Amino acid sequence: MTENAEMVEHAETTENTFDVVVIGAGPVGENVAGGAVKGGLTVAIVESELVGGECSYWACMPTKALLRDAAALRAVRALPGAAAAVTGGLDTAAVLARRDAFASHWHDDGQVAWLESAGITLLRGVGRISAARTVQVTDPGGNTTVLRARHAVVVATGSSARLPEIPGLAGAAPWTSREAAAAQAVPGRLAIIGGGVVGTEMATAYAALGSRVTMIAREGLLPMVEPFASDLVAGTLKARGVTLHLRTEPEVVRRDENGTVHVTLADGTTLDADEVLVATGRKPNTDDLGLERLGLIPGDWLHVDDSLRVDQLPPVVDGDGTPAENGWLYAAGDVNHRALLTHQGKYQARILGDAIAARAHGTPLDAEPWGRHAATADDHAVPQVIFTDPEIAAVGHTAASAVAAGLRIRVVEHDLGAVAGASLHADGYTGRASMIVDEDRKVIVGFTVAGPDVAELLHPATIAVAAEVPIDRLWHAVPAYPTISEIWLRLLETYGRDT
């Protein structure tokens with residue numbers, strides 16, 4: 001008898017019932033489960049990889065650890081007294097070791113301990129929806145556990161890197177964001193396909209660590225941010241030796257017998273690299289979720305309403321064949337395609353945990369815009385920091401998206417380097433800020449700032465956008481002097497008090 005046959009022969013099936021079953025134990029799934037438990041419900045959570053998910057091991061934390069040392073060194077070198085104390089460059093081994101520590105060396109013991117302390121039951125394995133309110137979990141040994149949910153099943157399986165259909169790419173063993181975040185050595189030459197957040201952040205990191213970086217960006221660099229911000233990043237990347245191929249794309253990718261990757265572009269240029277990183281977008285992790293049993297399409301994003309309940313769910317039946325009402329299936333985080341950011345997914349999760357508990361206890365939902373059970377910020381106040389050089393921090397609309405939304409706006413910009421706090425922060429400080437004002441309501445609907453160390457400027461802007469603070473009231477929010485936050489006063493002065 002083969003080992004696999006013996007494993008199947010000894011496989012067992014058990015059954016358990018919980019109030020809520022969550023598929024996916026990343027930060028979103030953890031927060032949904034935690035909220036439901038606080039609401040007095042029992043919760044089981046299913047995970048096929050590491051508890052803590054993409055952000056903890058292959059995205060937010062390890063990538064920012066890769067970037068931080070270089071950012072600190074640049075800050076020191078911008079101050080003449082401090083620069084005199086710097087005698088060398090980055091210690092690459094130390095940077096990678098610190099990155100490993102922030103990824104918990106790819107062990108999830110700490111996250112598992114938190115689940116246990118919160119009273120959440122963890123099942124290791126692949127979870128598939130088999131019927132209404134029913135999830136079948138297959139563990140690595142082939143054993144099956146059937147989980148039945150009294151109230152809700154939540155899909156929080158996230159997203160993964162999408163590989164474009166470029167001839168030869170799949171066979172060239174490309175890096176995705178995971179390999180870039182977890183690499184144990186720095187390649188001498190790195191080609192990056194894609195000019196979005198992942199591509200520009202990894203170009204910034206690996207150029208600082210010594211790679212000769214080439215970027216290929218069909219849509220240009222950071223096309224979703226204000227042009228002044230992407231222009232500043234492009235200028236710095238070029239100054240750091242990064243070669244940019246914009247408005248073109250790869251036609252063929254090939255790795256030869258010596259390990260060198262050859263990339264042929266649409267304009268005829270051929271590039272050679274030791275590794276190629278593909279950063280061209282994400283796809284939902286719904287291929288193997290059992291969606292076909294619900295009349296949904298495997299591999300698609302799950303569309304939800306503002307309370308995160310999957311809408312347009314066709315009528316389905318319970319395991320015993322009787323009709324089951326809809327309203328039991330939810331999706332939070334990347335998988336619903338509302339805002340593919342960890343902090344926004346956790347925001348959704350907090351709302352969803354409360355909403356499920358409220359529905360379970362028969363409490364009316366507060367699902368109106370900006371209500372306790374509505375993820376309104378996904379549409380109006382999404383903040384994001386791009387940890388390039390310079391950093392970009394933005395919330396709400398850009399000028400282009402505001403016009404596309406039909407708003408009557410005024411765009412106000414100001415030189416960030418002209419603010420006293422910026423000139424103190426670093427010699428030669430270069431940056432810019434903009435705010436988008438809805439002229440009909442006289443509130444800010446968008447804010448973007450680009451410059452060294454601007455990430456911590458973002459939350460005041462997020463509050464202003466989410467709370468719809470009137471421009472007239474913002475004049476009474478006095479920025480301390482001399483800080484970079486004085487940019488708020490300069491933007492208001494540029495806007496004027498009598499407009």
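Predicted model: local features only at pLDDT ≥ 70, side-chain atom pairs only at ≥ 80, totals over all residues.

Biologist: How much space lies in the second largest pocket, and which residues are closest to its centre?

Modeller: The space comes to about 740 Å³. The lining has 32 residues, and the closest to the centre are Ala 71, Arg 74, Asp 389, Pro 452 and Asp 453.

Biologist: What makes something a cavity rather than a pocket?

Modeller: A pocket is open, while in a cavity a 1.4 Å probe fits but cannot get out. By this rule, there is 1 cavity of 30 Å³ or more. The largest cavity holds about 70 Å³ of space. Among the residues lining this cavity are Arg 74, Thr 236 and Asp 389. Helix H9 (197-208) and H10 are the elements that give two or more residues to the lining, and H9 has the largest share, 3 residues.

Biologist: Back to H6, then. Which of its residues are buried, and why are they on the same side?

Modeller: Val 95, Leu 96, Arg 99 and Asp 100 are the buried ones in H6, which spans residues 92-102. They share a side because they cover an arc of only 140° around the axis. In general, an α-helix has 3.6 residues a turn, so residues three or four places apart point the same way. The cover over the buried residues of H6 includes helix H4 (60-77) and helix H8 (177-182).

Biologist: What caps the N-terminal end of H6?

Modeller: Asp 91 does, with a side-chain oxygen 3.2 Å from the backbone nitrogen of Ala 93. The cut-off for a polar contact is 3.5 Å, so 3.2 Å passes.

Biologist: Why is Glu 493 called partly exposed?

Modeller: Its relative accessible area is 42%. Buried would need under 20% and exposed over 50%, so Glu 493 falls in between. Glu 493 lies in helix H17 (residues 487-495).

Biologist: And which residues have the most contacts inside the largest nonpolar core?

Modeller: Val 20, Val 22, Ile 129, Leu 147, Leu 329, Met 435 and Ile 471, in a core of 88 residues. A second, separate core has 31 residues, including Ala 180 and Val 213. As a general rule, nonpolar side chains tend to be buried together in soluble globular proteins.

Technical notes: Residues numbered from 1 in each chain as written. Heavy atoms only, no water. Buried < 20%, exposed > 50% of the residue type's maximum accessible area, 1.4 Å probe, protein only. Helix = DSSP H or I, 4+ residues; strand = E, 2+ residues; numbered from the N terminus. Arc of directions from axis to C-beta. Contact = heavy atoms within 4.5 Å. Polar contact = N/O pair within 3.5 Å; in protein donor to acceptor, adjacent residues only side chain to side chain. Core = buried A, V, L, I, M, F, W, Y, C linked by side-chain atoms within 4.5 Å. 1 Å grid on protein atoms, 1.4 Å probe; cavity = no way out; pocket = protein on both sides within 12 Å on 5 of 7 lines; lining within 4 Å. Points joined across faces, edges and corners; volume = space filled by probe spheres on them.
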